[in-house]
Structures are given as C-alpha cells and as structure tokens.
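Here is a short tour of a complex, written to be read with the model open beside you. Please have the sequence and the structure at hand.

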Amino acid sequence: MLKVIQAKDIKSSELNLKADVVIVGSGAGGAVMAYELAAAGKQVVLLEAGPYVPSSQFNEKFPDMLETLYQDHGGQVTKQGDLLVLQGRCLGGSTVVNGCVTFRVPDFILEKWGAEYGLTNLTPETLSPYFEKIERNLSIHTNQPHEINQNSRKLEQGAKALGWSVKPLQRNTKDCALTGHCLSGCKTDRKQSMLVTYLPWASHYGAQIYSDCLVTEILTDSGRASGIKAQVTDPQSGEKVADMTVKADLVVVSAGAIQTPLLFLRSQLGSQNDSIGKNFACHPSTMIVAEFEKDIYTWRGAMLGVYMDEFEHPDKGGFVLEGGGAGPMEIGMSTEPGTGKSYLEFMSNAKNYASCISLIHDHNVGQVSLKDGQKQIDYELSDDDFPAMKLAFKAAAKIYFKAGAKRVFLPTVDKRIVESEDEIDNKIDGIENTPFAIRMVSYHPQGTMRMGTDPGRSVTNEYGEHHGVNGLFVADASLFPTSIIVNPQESVYAISNYIADYILANEEKYFTRLN
Amino acid sequence: MQRRTFLARTAQMGLLAGFGVIAACSKPDSVSALPAGEALDREQMFFFSHLAQVLLPTAGTPLTPVNQVPVLSNLDKLMLTMPQSTRTDLAAAIKLFEYGGMVLGWHFSRFTRMPDEDAIQYIDSWQTGHPMQQGIVSVLKRLVYSSYWRDDSTWGPLDFDGPVSEKWGLTSLGEAPLPQRQSAHLSQ
Ligand SMILES: Cc1cc2nc3c(=O)[nH]c(=O)nc-3n(C[C@H](O)[C@H](O)[C@H](O)COP(=O)(O)OP(=O)(O)OC[C@H]3O[C@@H](n4cnc5c(N)ncnc54)[C@H](O)[C@@H]3O)c2cc1C
C-alpha cells in the first residue's frame, strides 16, 4: 500500500525535515528519481503539490476528473487564451492522466541535441539501457490486435492505402481493460503510471512521500542547494495547514515544464543568460474528426491504437498522427459544425466518427514567466510551424477519405467541413494563422529549463544540474532542448534515471554534509 | 497579431464543464424569472439560458431535451471553481456579446432579445469576425456545450457508454510488483 502523508495527517503548523535529497513533484521525472535514489540507500523526501487520489476514486467522467486531477482544474491556458495546456496535478502527476503512449526520443533528435546543445552524452547507445529498463518496469509493449479499435483501424486502413507508414503504438499498460478512459485516470490500475509503480517502489525503500505540499522556494547556501520551503494546504478547504522546510544536500526539481521554471524564478535563481522559462515548446495538438457510414464508437477500446509516422522527420513535415479516441465532450469541442440544428446533427452522429490527434514538432518559441507573481504562459503558433499543422490536416483528411469517410471536420474555429478529397487543399490552404483560428490543446509542455553544455545558452548542464548552483538538479520534461515530436513520458523517465545514476556515480560530490 | 488579455482567462473555461444535477433550464421570459446562482447573477443566468436554447434546439431530435438537463446549475458550479478574476473577465465578455449586436453588424438588438434565427446569424457572424469575437463566442459556446454533455442523461441518445469499469465488474490490478534491482549500465 502506497504510504502518503497528506495534509489531513499533519498536526503541527510547522514541519522541519532533513534528508539526503528532496524531490519536488511526483510525476514522470520525480517518481523515477525518488525510486532510484531511495533504492540506492539515500534518504528521500518527495513533495507533491497535488492531492493523493487513489484510483478507486477515479469515476471515469472526464469533466469531474479534469477538475480533480489536472492543473488549474483542467483550465490552464496560455496568456493569449487559444491554447489549453493540460497537465496532471495529483500524486503521480501527468502520468496518472496520460494516454499511455510510449516512445523513445527519436535518434535524429538526440543527434540534433548533440550537435546544437553539446549533449553528446545523450546518445542512443547511452540511453538505450535506460529505455530497456523503463520498458521492462512499466510493461511497455506494442499494442496487440485487440488493442487497436475501429477508430485506429480507420487511420491504419487509409494510411496503408496511401502507402504511408503506419504502426501500432506502444503503451505502458498491463492487461488493458479497453475502457477508453485513460485521460480520467485508470480506475483499475492497468495503466502503469507512477501511482502504481515507481512511487510505491520508492516508498518501499523508505522514501517519504507528501501530497498537498506546494514547494514555494528553493534554498541555497554559498552556491549550493540546501533545501526547500513548502506550504501544506488542505485540498478540500484550500486552507493552509503548515509551513514546511526540508534541509537536504541535494534538491531535484521535477515539477514539470510550467512549474519548474516558475519555482526557480520565485526563488530568484535566474540563469546567467536569463533563459529560465524561455524556449517553451508543446506539440500543439488538434483533433481531426471524420464521419463514416458505419458505426465506429471512437470511445470504445484502447484509447490510442496506431500512429502514422510517414512525415515524422522534420525534413518530411515534422508531424505524426495518432488514432486517438474521444468521448462526446471532446468531440463536441473539436470542430465547428455550425450553430443550432447543424451542431446537434453533428453530435447525433457521434458514434460514426473516427478521430485522430496531430502532434507537430514545434519550435521553442514560447515562454513561461511570472507576471505580478502569477504564472503566465506565452505561446502563439509560429508562422514557421503553421505549415506543419496544415500538412497534418491534409494528411489526416486524405487518409480518412481513402478509408471511405463521408466528410472530414477540421479543427478550426470557423466552420470547415471537407466534403470530398477534391476539396482538401482548398479548404485547408484557406486557414490563416490568426489567434483562435485553430482549436489547439497541448499535452506535452517541454523545454523551459533547457539542458546544454554552454551556460550562455542553457539553464542546466548535460546532467540536468543547474549551471550556477551545485547540487540543484532538474529532472523533467523542461530539460528537453527541443520538442521531440513524439509523446515524451518515456524519455522523461529515461533521462531522470540517467541523471539519478550520474548523481549516484558522483555521490561524494553531492552527499557530504548530512552524513 | 492583436490579442486581448481577458480572453485568456475566459478561455480557461473552454474545455471545462460544471457539476451536478439540480435546476432545469427551461426558457424563462425575463431576467426576474430566474434565481441568481452562486457564481452567476440573474442577468448572466438569463443570458446563458437564452444561449442554451439557441445553441441546443433539441426539440424534435432524439437528444435529451435541453430543459431536462441542468445546464445552468452545471455552469454555475463550474464558475465557482474559477478564480474571481476569471469570472470578472467572463462577465465583461458576456456584456460585449449581449450588446455587440447594437453596434456591430445589422442586428440592432441585445442578444437575449433576438429571435432564434437572428441569434444564430449573430453567433455565426462573431464566429467569422475579429479574432477577439471568435475567442469570445468559442468560449461561450464551449461553456454551454460542456455543461450539457457532461450530464449523464445526454449520453444515451449518442450510445456513449460513460463509466464502464464498475458495470463490467473489472477488478483492480493494484500496485505493480517491485522490480529486480538492476543497473542500467551508465556509461559516461
Ligand atoms: C492528458 C495528457 C495526456 C498525455 N498523454 C501522453 C501519452 O500518451 N504519452 C506520453 O508519452 N505522454 C503523454 N502526456 C505527457 C506526459 O505525461 C508528460 O510529458 C510527463 O508526465 C512529464 O513529466 P514531468 O515529470 O515533466 O511532469 P509531470 O508528470 O506533469 O509531473 C509534475 C508534477 O509536479 C507537481 N508540481 C508542480 N509544481 C510543484 C511544486 N511547486 N511543488 C510540488 N509539486 C509540484 C505537479 O503537481 C505534478 O504532479 C500526456 C499528458 C497529459 C496531461
């Protein structure tokens, strides 16, 4: 049983702890780090801002779960307002609510990181054993035929007919029950999220796990990390329960690509080059919906089945399409079929739709910053990335028509329904890159604490350690110097494990004072 | 690109939906016919009630009648989860939309006084208008749609299964067993 100390367990208004290492955030980066260091005998304290919600409390109703498990109740948007940035805010972080798709970071991305950011340490050969280990530990496997539903079959059918490469996805699930409710958390623990894997394993080795604990400041002492300050809050009432200080030799921040830079900024730990929070990328995603004669029931079966990788390489387009299921709520928001009767007609046909998600390799044009003490995410789809977005729409429409679709609904704010293959170019070429033109959502914030060997162009070094503060590490998706095109969780796990091994291999440098 | 800040916060409600199953949303004739909510005032309730009727004309369709779904109370509860600043921004957006017809285009009427046909035309004109108008109308539509579709009673006509684990008697696999300790052979 996962042992978690929650706000309700805390009886004093002040808590002072000591540990070898304090970890901020319990998602992909934080949980792996906690397990690896605890299993190596380190005293670990892990603090999570969100609540501990056991999976038995997941009710498979997406709106309820958005409010319970997600950052800002599912309402985290950019300053401009046209991009929703979804992230988990609960014990286990985004791994609890994600779609279970797993990929290794593509080799050509690692090559680019080596060439442009000096990350020659992160080669496919170096990372491969980490990926293998993660894949074993999280039961990562290629979707079997029964895990590819009618929805994904349509994507597969159309792509194959066009001669385009299409493959089953890999997922971190064990005996998936095919409920289609991944984004509401897996009620029966088939998803191998951090909640049922690395967190209980870390706890087994003595890591102390706290939920309801928002870390507010990183403490330093003579150029070294020395601990953190946090606030414990009752998740029900929102009332502060206690102030907390954890003194530690090592601080690892794994609060995700939005919160990690904010914590650094709040702690006034700027970088020499002012790049904390800059270089935000997010794979702006859309959902393209196609109507078929026969029933598809996009929401039935494994949520994500296959992907079309024909255009994955940036030289070929820099996008992928993934067959992704959706419930009525998501379908109803994905496109603009018209107002009133035409909207209801569209919704009445919900079971006849197939849907896919587009992910594009966006460039790092965004920024996360503090404005009057509040979070601000600045991101506009750049004109350089706009062609990839349109190519993705065109590819999806072609695929669906080849698979026999009656019509394709584009993810635009104005009404754009493609009625035949001949209309594809015309309808899509007419979309302009204006605010709100495209209905976008991001599931993959990345890049705000760029890793690199040059302190003039990055925040952390090639092992995730802050260039200016010893013993202060970052281990989460914010490290990625560029977006990686594919879903990031497995790469976060692997890089976090890699950083943990680096720390352990150099422990005399880091664990000196408390022992 | 010209963008307006308040849209950012009103759009926060884009994908969200409210809770509960309380009040029905039958079309009232006047503002005073509706009680204020906890977050929405009477005028806002009246505004959304009109908008819901225009956006969801369920009569004559197999869909769950809009007046049998607690759209307004769902919306009101959703608002309660939002910070006050967002609610203030939304109030401004509602006002702009409500009175926009008197200054923009050829409607010469407040939105809540428009007959349904005109109201649809008005909404569509915002949908293809200035990005700011597009943003406002998208947010307002999404708020209403999400407050409707989140209710279980709307799923049957779509053949949407909703929660299934309990229905199917699925058991939890629980925590994964501890892995064997292994080193990933760090090579630096
Ligand atoms: C809906 C959704 C679907 C997704 N689907 C997929 C998918 O199918 N495949 C895939 O590869 N990826 C997917 N992702 C993305 C993937 O889950 C993330 O890339 C990954 O989890 C990022 O890991 P992280 O450690 O950076 O952050 P997270 O996993 O988000 O963890 C960060 C944690 O830090 C906590 N935190 C933040 N600030 C503080 C603070 N100040 N103090 C204490 N705690 C704090 C947060 O509450 C959170 O729990 C999805 C994400 C979402 C939201």
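How many helices and how many strands does chain B have? Chain B has six helices and zero strands, where helices (H or I, at least four residues) and strands (E, at least two) are DSSP runs numbered from the N terminus. Read from the N terminus on, its elements run α-α-α-α-α-α.

A word on conventions comes next. This is a predicted model, in which local features need pLDDT of at least 70 and side-chain atom pairs count only at pLDDT 80 or more, while totals for chains, interfaces and linings use all residues. Residues are numbered from 1 along each chain as its sequence is written, chains are lettered from A and ligands numbered from 1 in the order in which they are written, and side-chain values use heavy atoms, with hydrogens and water left out.

**Confidence**

The predictor gives the complex an ipTM of 0.91 and a pTM of 0.94. For chain B, the mean pLDDT (the predictor's confidence in each residue, from 0 to 100) is 80, and 77% of the residues reach 70 or more. Within chain B, confidence is highest in helix α2 (residues 42–55), at a mean of 95, and lowest in helix α1 (residues 5–10), at 41. Over residues 1–27 of chain B the pLDDT is below 50, yet this stretch has 110 contacts in the model beyond near neighbours in sequence; a contact means heavy atoms within 4.5 Å. Where pLDDT is low, the predicted coordinates should not be read in detail.

**Chain B**

Of the 188 residues in chain B, 52% are buried, with buried meaning under 20% relative accessible area, exposed over 50%, and partly exposed in between (1.4 Å probe, protein chains only). Among its contacts between residues at least 6 apart in sequence, 69% join residues at least 24 apart.

α6(B) is mostly covered, with 19 of its 19 residues buried.

On the surface, B:Tyr99, B:Met102, B:Val103 and B:Leu104 form a nonpolar patch with about 380 Å² of accessible area together. B:Met102 belongs to helix α4 (residues 84–103) of chain B and, at 45% relative accessibility, counts as partly exposed.

**Salt bridges**

Over all chains, the whole structure holds 29 salt bridges, each a side-chain nitrogen of Lys or Arg within 4 Å of a carboxyl oxygen of Asp or Glu.

| Pair | Closest N and O atoms |
|---|---|
| A:Lys133 and A:Glu36 | 2.9 Å |
| A:Arg439 and A:Glu336 | 3.3 Å |
| A:Lys394 and A:Asp425 | 3.5 Å |

A:Lys394 lies in helix α11 (residues 386–402) of chain A and A:Asp425 in helix α12 of chain A, so this pair ties together parts 31 residues apart in sequence. A:Lys394 counts as buried at 16% relative accessibility, whereas A:Asp425, at 39%, counts as partly exposed. Elsewhere, salt bridges that share partners join A:Glu291, A:Glu293, A:Lys406, A:Arg407 and A:Glu419 into one network.

Returning to the other pairs, both A:Lys133 and A:Glu36 are buried, and both A:Arg439 and A:Glu336 are buried.

Conventions
Patch = residues over 30% accessible without salt bridge, like charges linked within 9 Å, V, L, I, M, F, W, Y side chains within 5 Å. Areas by Shrake-Rupley, 256 points an atom, 1.4 Å probe, with all protein chains shown as cover.
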